[in-house]
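Thanks, everyone. Please have the structure open while I talk.

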Amino acid sequence: MTQNKTIKVDSLARVEGEGGIYIKLKGAEVVDVKLKIFEPPRFFEAFLRGRSFAEAPDITARICGICPVAYQMSAVHAIEDAFGVTVDGPIRALRRLIYCGEWIESHALHVYLLHAPDFLGYEDAIRMAQDHPDIVQRGLQLKKVGNEIVSLLGGREVHPINVRVGGFYRVPTKRELSPLMERLHWAREAALETVRWAATLPFPEFERDYEFVALRHPVEYPFNEGRLVSNKGLDIAVREYDDHFVEEHVPYSNALHSTIKNRGAYFVGPLARYNLNFDRLSPLVQEVAREVGCEPPCTNPFKSIIVRSLEILYACDEALRLIAEYEIPDKPAAEIQPRAATGYGCTEAPRGILYHRYRLDDDGTILDAKIVPPTSQNQKMIESDLWHLLPSLLDAPQDQLLWRCEQAIRNYDPCISCATHVIKLRFERE
Amino acid sequence: MPRKRRPKLAVWKFASCDGCQLSLLDCEDELLRLAGHVEIAYFPEASRAIVRGPYDLSLVEGSITTPHDAERIHQVRRASRFLVTIGACATAGGIQALRNFKDVREFISIVYATPVYIETLSKSTPIAEHVFVDFELRGCPINKYQLLDVISAFLHGRKPNTPPHSVCMECKRRGVVCVMVAHGTPCLGPVTHAGCGAICPTYHRGCYGCFGPKETPNTNSLSAWWSHLGVKEQDLVRAFRGFNAYAEPFRKESEAHE
């Protein structure tokens with residue numbers, strides 16, 4: 001007898017934004033999988049037209065309350081590219097530092113509050129805290145250190161006010177930064193414990209041959225600069241992005257789907273960065289990765305929780321280095337002279353590459369804008385993971401099957417607010 | 001003192017960036033203690049568990065932009081004893097209310113290749129245009145300490161302590177030199193609602209109005225001062241057309257310079 005069934009999760013929890021999953025089975029065959037994003041569209045690319053270049057970092061930050069720094073960084077780099085400005089020295093270092101803060105804050109949120117409860121069988125971190133108070137506290141305090149970096153450099157955690165095209169409105173003195181050192185020494189220890197703890201979580205056997213895409217810089221682990229590379233031969237400058245990637249609009253989603261031309265779905269985010277840039281991590285992080293048996297290639301997306309923890313450790317290490325070497329610059333920002341041009345920027349948001357393109361007028365008015373957030377880029381791969389995962393789950397009770405699918409989606413730390421510019425699960429057995 | 005039943009808290013999302021509800025999770029030192037005093041009954045960003053309503057306090061983030069959401073907000077109101085809106089999207093329509101000044105059909109076709117798939121209203125509107133709201137907490141994003149105060153106020157039956165005066169008062173209290181008087185930097189502080197702690201002037205930039213209009217703002221006079229500083233009409237329009245563009249005093253002022 002063939003049993004047909006539809007399964008749906010109408011509202012996906014522990015993700016940023018609103019979405020759902022729709023799964024259709026015909027007996028033991030998976031017939032359809034859709035990640036539906038119904039986060040209402042907000043039309044940022046449309047209302048950026050006619051705004052001044054100087055407003056872009058403040059406006060695009062509002063696409064996402066979880067990773068506003070990423071939007072600000074991609075915006076300022078794209079606009080500086082258009083105006084032919086290169087920012088160097090301490091200002092460049094401060095940009096890396098504020099990004100370290102965002103990675104720590106966003107990754108700690110995801111590792112401890114959004115993802116770990118799946119591995120340990122809790123509905124959320126608050127329930128998890130009843131049995132594991134010390135673990136949840138460690139996560140919250142790590143997150144707080146990330147937020148302290150963003151607040152000090154940016155003025156506040158959510159939608160920082162201090163980032164501008166060319167640099168900052170005000171730069172900190174060496175003395176103002178130094179209290180962070182003590183906090184970061186604690187955080188580095190906590191991050192080490194996080195990696196060792198994450199590595200002990202139970203992981204399903206699930207490996208795939210992904211195309212990973214990330215930035216690659218000649219010497220650094222990537223934040224703001226580099227070429228776009230993949231493990232399947234992609235190696236391009238950021239300004240060539242539109243020649244190699246396409247976005248398509250599907251009827252069931254308010255987020256556009258991205259693919260690599262002629263190849264299809266690809267994978268961005270911590271796992272992609274890590275596999276493509278392991279040699280750029282600090283010696284400490286490499287050593288710990290070997291100790292816990294998570295060296296690249298790591299192709300089990302469930303293990304992204306370990307990789308995220310390793311990136312928290314890296315961000316703590318890198319922040320300590322940046323603060324130790326910091327000297328206050330003469331001016332808080334480089335001179336900006338608008339000109340008519342198109343600029344391209346791509347930076348590594350916590351969830352993966354975030355691409356911005358602006359066409360600007362000679363007085364710096366934005367004529368058009370294109371923004372491709374990481375979750376749009378991962379959407380197709382998320383669906384594809386579910387296609388591959390479902391056959392192994394068909395005998396499981398439905399609530400377990402659904403929970404495992406949700407967990408697989410959360411492997412990508414999807415940010416649906418970004419992508420729409422979610423997650424409900426619908427499941428159908430005919 | 002332990003209560004018999006912890007009050008139920010719900011967090012709802014409409015069109016927004018998630019930043020205001022994230023402020024609750026950003027209360028790293030207070031979150032677990034808060035969870036001891038209230039039952040976090042509906043908060044999809046943080047939990048897959050759903051406790052059925054009615055809810056004692058609903059926090060609503062985001063603006064109304066789709067026909068579906070215009071229905072859904074009524075269900076939220078019916079299930080809530082108190083309903084508090086949090087952030088500029090919920091209290092003023094948010095940055096996405098910039099569509100209200102244009103033709104939204106044009107906006108859709110700029111962003112989406114197949115506009116027919118997109119369902120949206122022509123305007124982005126604050127929650128209070130649709131249902132009765134017990135209290136509005138301002139900001140883009142909200143101040144997390146004000147959020148904790150509002151939750152505590154509603155649980156104890158007192159009035160929240162969120163002064164409606166201008167950012168200028170916060171500058172004076174913080175001992176920050178006026179950026180407009182001392183440096184000639186245009187600043188929206190004199191007409192903007194307090195709450196952020198005057199961060200921008202502290203970081204040497206002018207306020208850009210995240211908390212929306214203060215009580216009885218004299219926007220017209222501020223525009224005249226900005227004009228003295230050499231700010232052009234089109235830049236005045238842009239300044240008032242930010243994250244609180246559709247809040248009436250800012251909307252009227254921007255339209256006056258168009």
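Before the sheet, one term: two strands count as paired here if DSSP finds at least two bridges between them. Keep in mind also that this is a predicted model.

Start with chain B. There, five strands form an open sheet, paired in parallel, and the order across the sheet is β2-β1-β3-β4-β5. Which strands are at the edges? They are β2 (39-42) and β5 (135-137) of chain B, and each of them pairs on one side only. On average, neighbouring strands in this sheet are turned by 30° against each other, with direction ignored.

Now one pair from that sheet. Strand β1 of chain B, residues 8-13, runs parallel to β2(B), and three bridges join the two. If you want a residue to look for, Lys8(B) is opposite Glu39(B), which lies in β2(B).

A helix also packs on this sheet: α3 of chain B, residues 67-78. Helix α3(B) touches β1, β3 (55-61) and β4 (80-86) of chain B, and its direction makes about 130° with that of β4(B).

Over to chain A, and two helices. In general, a packed pair is described by the angle and the distance between the two axes. For α4 (residues 89-120) and α6 (residues 133-154) of chain A, the axes come within 8 Å and cross at roughly 155°. Angles over 145 degrees count as roughly antiparallel, so α4(A) is roughly antiparallel to α6(A). Their crossing is left-handed. What classes of residue make up the contact of α4(A) with α6(A)? There are 16 nonpolar, five polar and three charged residues.

Notes
Residues numbered from 1 in each chain as written. Chains lettered and ligands numbered in written order. Predicted model: local features only at pLDDT ≥ 70, side-chain atom pairs only at ≥ 80, totals over all residues. Helix = DSSP H or I, 4+ residues; strand = E, 2+ residues; numbered from the N terminus. Axes fitted to C-alpha atoms, helices over the stretch in contact; angles between N-to-C directions. Contact = placed C-beta atoms within 7 Å. Parallel < 35°, antiparallel > 145°, perpendicular 65-115°, else oblique. Left-handed = near helix turned anticlockwise from the far one by under 90°. Nonpolar A, V, L, I, M, F, W, Y, C, P; charged D, E, K, R; others polar.
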